[in-house]
Amino acid sequence: MSGLKFDKRELANLEYSLDREVLATDRRGGYMSTTIVGCNTRKYHGLMVAPINQSERTYVLLSSLDETIVQHDQSFNLALHRYEGAYEPRGHKYITDFEYTPTPTVTYRVGGVILKKELLWIHNRTQLMIRYTLVDAHSETTLRLRPLLAFRDKHSLSKANMEADGRAYPIPYGVKCRLYEGFPWLHMQLNKEEVEFIAAPDWYYNFEYRKELARGYEGHEDLLSTGYFEFNIKKGESVIFSAATDMMASPEAISTMYEESLARRTHKIDFLSCLEHSARQFVIRRPGNRTEVIAGYPWFGPFMEDTFMALPGLTLSQNHKEDCIDALDTAIRDFEESGLLEGRVLPPTADAPLWLFFTLQQLEGYISQKELWAKYGQTMKRVLEVYRRGFGEEVKMHDNGLIWASAERPLTWMGTMIDGQPLTPRRGYPVELQALWYNAVEYTLAVAKRQGDKAFVAEWKELSARIKASFLAKFWLEEEGYLADYVNYDEVNKFIRCNMAVAVGLDYTMLDDEKRVRVLQIIREHLLTPRGLRTLSPRNILYKSNYNEDQRSQDLASRNGSAWIWPLMFYVKAGYDIAGEKFAAEAVALLEAFDDELQTKCVGSISERFEGDPPHNPRGSVSHATSVAGLLYINMLNVKYAPKAPKRRACAKKAEGAVAEEKPKRKCVRKSVKK
């Protein structure tokens with residue numbers, strides 16, 4: 001198996017190559033991300049995007065590094081940038097190959113010169129390393145490297161200004177730069193002694209990020225170059241560029257760091273190895289003994305609901321129970337510090353703390369139940385108690401045993417706002433909230449009973465039956481054969497949505513097998529796609545399927561038609577619960593359908609959601625925790641329930657077809673920095 005590969009025809013096609021992104025993280029909040037041809041199309045792209053001063057906010061320090069080959073007094077710029085609709089320079093025309101594993105690698109050919117560039121983002125350090133190897137050349141060759149600096153929050157854009165420090169300060173084997181006070185120094189060094197840095201501070205104007213413009217946001221930026229490195233490179237020679245917040249001691253240290261880090265890289269050669277590598281990128285360790293789950297790259301941070309929903313697939317699928325436990329402990333400390341367990345604050349969504357029990361149920365397969373109860377039993381009981389008592393009047397248990405959720409802001413995962421109003425308010429009793437509540441109560445009772453907590457069992461044992469009876473009376477639609485999406489004092493909402501999948505796919509469900517079968521039939525008929533479950537039936541007048549890239553269009557469709565992967569794992573779980581190994585063929589086919597997605601948007605990862613209708617274009621964040629985790633969780637189910645299912649096939653496929661390349665219209669404008 002050769003891994004993910006891209007041929008020259010694909011790389012030369014900008015409409016193809018600019019839509020495919022690469023991501024590498026340092027496992028502590030920083031990342032490198034750009035397109036496979038090195039052209040940034042988002043303000044979130046950059047070769048070094050990292051937190052500073054132990055903050056959770058991340059900043060673009062090094063936006064890009066432009067390479068130029070000089071031979072016979074002729075310069076060939078290998079960079080690719082977009083300026084107000086035009087591309088200049090157009091270095092992509094020199095690219096002959098791109099490889100993803102073990103690290104993103106681009107090969108250029110300029111006449112008789114072949115140059116290989118290997119990008120390596122170092123784990124547990126804020127450091128980027130790029131190794132340039134002159135594979136072939138027949139004349140004296142010079143390589144010029146020009147860093148383009150931003151030093152700004154990843155959600156903002158840099159504009160030319162007089163406050164930026166355009167100077168480069170000499171350090172051994174390179175220079176250090178810092179555009180503004182309060183930022184760390186960026187140390188740029190090479191493992192080669194015969195290197196000259198030419199100070200030439202310039203602002204480069206109007207870099208255009210087409211993805212931001214398409215989303216309806218500002219998309220033009222000015223970047224500062226303090227100068228450029230220049231050195232001769234011989235055939236067969238490799239030179240390593242290092243950009244780091246810490247200075248490297250020597251050229252030998254740079255070389256050693258690169259070789260040791262590269263040797264530890266896993267090879268992403270098939271579907272599962274790609275997904276497992278992607279999963280590890282979401283789990284980050286911050287100062288202060290914090291382990292968090294990034295909800296999605298490039299713009300999301302940690303979210304409570306996504307953390308608990310994704311943890312089993314991200315960590316336990318690879319037997320990384322320590323990461324799972326550390327992330328749980330961090331979240332529970334946040335519960336304590338925020339006052340959530342006392343009901344003093346509302347949870348981010350009404351069901352977010354209840355997803356904790358889903359994670360604990362999966363964790364029980366990796367640690368003993370006795371250990372789990374000793375470590376988390378008190379937290380489990382406190383979470384249940386705060387729901388019974390209530391987070392004020394907005395989220396609380398009613399006398400019928402069900403959890404009411406109604407507040408000024410939306411309280412479910414579908415609470416997207418449009419023009420200041422919730423798109424899907426779902427006030428009252430949301431179906432997935434009741435399912436998670438019942439599952440939490442039943443699971444805690446089961447563990448408490450086995451661990452001898454008689455007082456808790458005596459206090460809570462009658463509640464389960466009350467919840468179940470109330471739920472069936474309010475939610476089960478006998479004539480239609482499925483569950484209402486939400487119920488309140490005035491409405492029984494009969495929209496066919498993916499939320500009911502949670503109610504049939506948790507370990508403890510309030511539905512008998514006959515009702516579960518009927519719900520699965522409705523899901524299969526209305527919601528199931530090759531890219532997950534739709535959020536709304538296509539037969540509903542509010543259904544939105546394929547849509548534009550602007551934020552409003554995406555928001556309108558995201559909860560009214562887009563397909564999501566995480567509900568699919570509950571559909572698969574229910575299918576196995578009902579049919580056992582007979583369901584394996586469908587489950588395996590659902591998983592295999594995602595093979596092509598590993599090189600459609602973010603190479604080696606899976607997008608947040610997909611359009612509801614074919615061709616099911618990927619949307620949202622290009623690498624999303626619940627999507628990757630959902631597929632890994634489904635694979636865990638396949639291994640558990642159908643161990644003889646076919647092995648996964650390789651993820652690498654050559655994409656076919658090409659579209660016309662965009663043509664440049666105008667060049668950029670440069671302006672020197674005043675000294």
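**Figure 1. The 675-residue chain agrees with the size rule for a compact globule.** This is a predicted model. A compact globule of 675 residues would have a radius of gyration near 26 Å. The chain has 27 Å, which agrees. Along the principal axes, the C-alpha atoms fill a box of roughly 85 × 50 × 50 Å. The secondary structure comes to 18 helices and 38 strands.

**Figure 2. Of the 675 residues, 63% count as buried.** Take the contacts between residues at least 6 apart in sequence: 68% of them join residues at least 24 apart. The accessible surface of the chain comes to about 25,700 Å². Carbon and sulfur atoms account for 49% of that surface. Now the charges. The chain has 90 positive side chains and 90 negative ones. The centres of these two sets lie 1 Å apart.

**Figure 3. Strands β27, β30 and β31 form an open sheet.** The order is β27-β30-β31, and the pairing is antiparallel. β27 (429-430) and β31 (492-493) stand at the edges. Each has a single partner strand, so one side of each is left without a neighbour in the sheet. Look at the pair β27 and β30 (residues 486-487): 2 bridges link these strands in the antiparallel sense. Which residue in β30 is the bridge partner of Pro430? The partner is Tyr486.

**Figure 4. Five strands make an open sheet in the order β32-β33-β34-β35-β36.** Pairing in this sheet is antiparallel. The edge strands are β32 (528-529) and β36, and each pairs on one side only. Within the sheet, β33 (residues 532-534) and β34 (residues 563-564) run antiparallel. They are joined by 2 bridges. Find Leu533, then look across to β34: the bridge partner is Trp564.

**Figure 5. A cis peptide bond joins Tyr297 and Pro298.** Omega is about 10° at this bond. Where does Pro298 lie? Pro298 is in the loop between β22 (296-297) and α6 (304-315). Follow the chain from strand β22 through this loop to reach helix α6.

**Figure 6. The loop between β35 and β36 holds Pro615 and His616.** β35 spans 609-610, and β36 spans 618-619. Both strands belong to the open sheet of 5 strands, where β36 is an edge strand. A cis peptide bond joins Pro614 and Pro615, with omega of about 10°. Next comes His616, with a positive phi of about 55° although this residue is not a glycine. Is His616 buried or exposed? Buried means under 20% relative accessible area. His616 has 8% relative accessibility, so this histidine counts as buried.

**Figure 7. His72 has a positive phi in a residue other than glycine.** The value is near 55°. His72 is found in the loop between β5 (58-71) and β6 (74-77). How does the chain cover this residue? A residue over 50% relative accessible area is exposed. His72 reaches 58%, so His72 counts as exposed.

Terms used
Residues are numbered from 1 along each chain as its sequence is written. This is a predicted model: local features need pLDDT of at least 70, side-chain atom pairs count only at pLDDT 80 or more; totals for chains, interfaces and linings use all residues. Side-chain values use heavy atoms; hydrogens and water are left out. Helices (H or I, at least four residues) and strands (E, at least two) are DSSP runs, numbered from the N terminus. The radius of gyration is taken over C-alpha atoms; the globule rule is 2.2 Å times the number of residues to the power 0.38. Buried means under 20% relative accessible area, exposed over 50%, partly exposed in between (1.4 Å probe, protein chains only). Contact means heavy atoms within 4.5 Å. Accessible areas come from the Shrake-Rupley method with a 1.4 Å probe; for residues, only the protein chains shown count as cover. Lys and Arg count as positive and Asp and Glu as negative; His and the chain ends are not counted. The place of a charge is taken as NZ of Lys, CZ of Arg, CG of Asp or CD of Glu. Two strands pair if DSSP finds at least two bridges between them.
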